[in-house]
Amino acid sequence: MTKPPRKPSKPLLGVADALLRSRPRRRRDPAQPSLPLDPMPDRIEPFLALLKSKPPKGDDWVYEIKWDGYRLSVHVEPTRIRILTRGGHDWTDRFPAIKQAALWLPVGTAILDGEAVVLDEQGRSDFGLLQQSLGGRGGKKSSSDAIFMAFDLLYFDGHDLRNSELDMRRHLLEDLVPAEGQGDIRLSEEIESDGDLLLASACEHGLEGIIAKRRHAPYRSGRLGDWLKIKCTQRDGFAIVGYEKSSASFGGIGRLLLAARKGDEFVYVGGVGTGFNQRSAAELREQMDKLIISKPAVDTGRKRNAVFIAPKLVAEIEYRAWTPDGKLRHASYKGLRDAADGATVYELA
């Protein structure tokens, strides 16, 4: 297939409140020669973004907004639609609107990579709203509010695209999922911009951050460095090892006690007492009270009114920095991560 000619991108950050849009590309040439068909993969391990503190420099990088949801792959197969989580769990029935939108895509077979999100009133993805729409962690509800933000195309009409450059995969994806669409499958738009300016704009708009992708890279499963994530604030998963009781707080939770991994052990990294609402605190308390143990799994120091639990729940925590003694600074609770979405615990160096 012949690559489309690249055109200079328009200024994207001239107006702070303007929506960020990628430029249109020409449609595929139907006269291009046919290629031999490739077998359709049953599942593809996702390409993961490596966390960096600053955007990369150079023309080899393009950017997208970082979405705050569940990583999914949508498989359009000859006789069915399958929607798989990052861990390979089949959640097709939990996203009926996305499934229906996939049936309407103008393609015989395809695998789309992207993120299921629920948008708030300002159009920002909100992980807490997504979890609520699915019935909370471990819930079995179907979400009618979730939409799918597609950012890559891995298989298309009998052709495995993983060895193709990102530019080519995006070219075909934009044919399949047009920019500015408002359906239940939408395009996560590619943005050509200065990374520092784009990150500042994303943070100003209350977004989680940005993703940088090397434009000529093939699709490779794992965390290899051709995709980078740069966050406005740091956000990671930490094991809950207990909580401090409080009669004045939602769910009676004064503060969660958190731990990170260091090798095969857990290490206490402080607590978090903000970010709860009545519903999330009640659901969290119900989960924690099933895991109560008599002795703490890690040394948390002396704690008053503490209840200790087995470290089986992973909390998504947003924080600004680390204190000199290795504790989280300005931490806020964002929800529980589900094992089906790769609920990994932060690893200390």
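This is a predicted model: local features need pLDDT of at least 70, side-chain atom pairs count only at pLDDT 80 or more; totals for chains, interfaces and linings use all residues.
Q: How many cavities of 30 Å³ or more does the structure hold?
A: The structure holds two cavities of that size.

Q: And what volume does the largest cavity have?
A: Its volume is about 80 Å³.

Q: Which residues lie nearest the centre of the largest cavity?
A: Those are Ile44, Pro46, Ser73, Thr85 and Arg86, which belong to a lining of 13 residues.

Q: Which elements give two or more residues to that lining?
A: Two or more residues come from each of β3 (70–76) and β4 (81–85). The largest share, three residues, is that of β3.

Q: What is the lining of the largest cavity like by class?
A: The lining has six nonpolar residues, five charged residues and two polar residues.

Q: Changing topic to strand β11: is it mostly covered or uncovered?
A: Strand β11, which spans residues 234–245, is mostly covered, with ten of its twelve residues buried.

Q: Which way does β11 run relative to β16, and how many bridges join them?
A: The two strands run antiparallel and are joined by six bridges, β16 being residues 314–319. Within this pairing, Phe238 has Ala315 of β16 as its bridge partner.

Q: What about β12?
A: Strand β12 (residues 253–262) is also antiparallel to β11, and six bridges join the two. Here Ala239 is partnered by Ala259 in β12.

Q: And how many bridges are there between β11 and β15?
A: There are three bridges, again in the antiparallel sense, with β15 covering residues 306–309. In β15, Ala306 stands opposite Glu244.

Notes
Residues are numbered from 1 along each chain as its sequence is written. Side-chain values use heavy atoms; hydrogens and water are left out. On a 1 Å grid over the protein atoms alone, a cavity is a set of points where a 1.4 Å probe fits but cannot get out, and a pocket is an open set with protein on both sides within 12 Å along at least five of seven lines; lining residues have an atom within 4 Å of a point. Grid points are joined across faces, edges and corners, and a volume is the space filled by probe spheres set on the points. Helices (H or I, at least four residues) and strands (E, at least two) are DSSP runs, numbered from the N terminus. Ala, Val, Leu, Ile, Met, Phe, Trp, Tyr, Cys and Pro count as nonpolar, Asp, Glu, Lys and Arg as charged, and the others, Gly among them, as polar. Buried means under 20% relative accessible area, exposed over 50%, partly exposed in between (1.4 Å probe, protein chains only). Two strands pair if DSSP finds at least two bridges between them.
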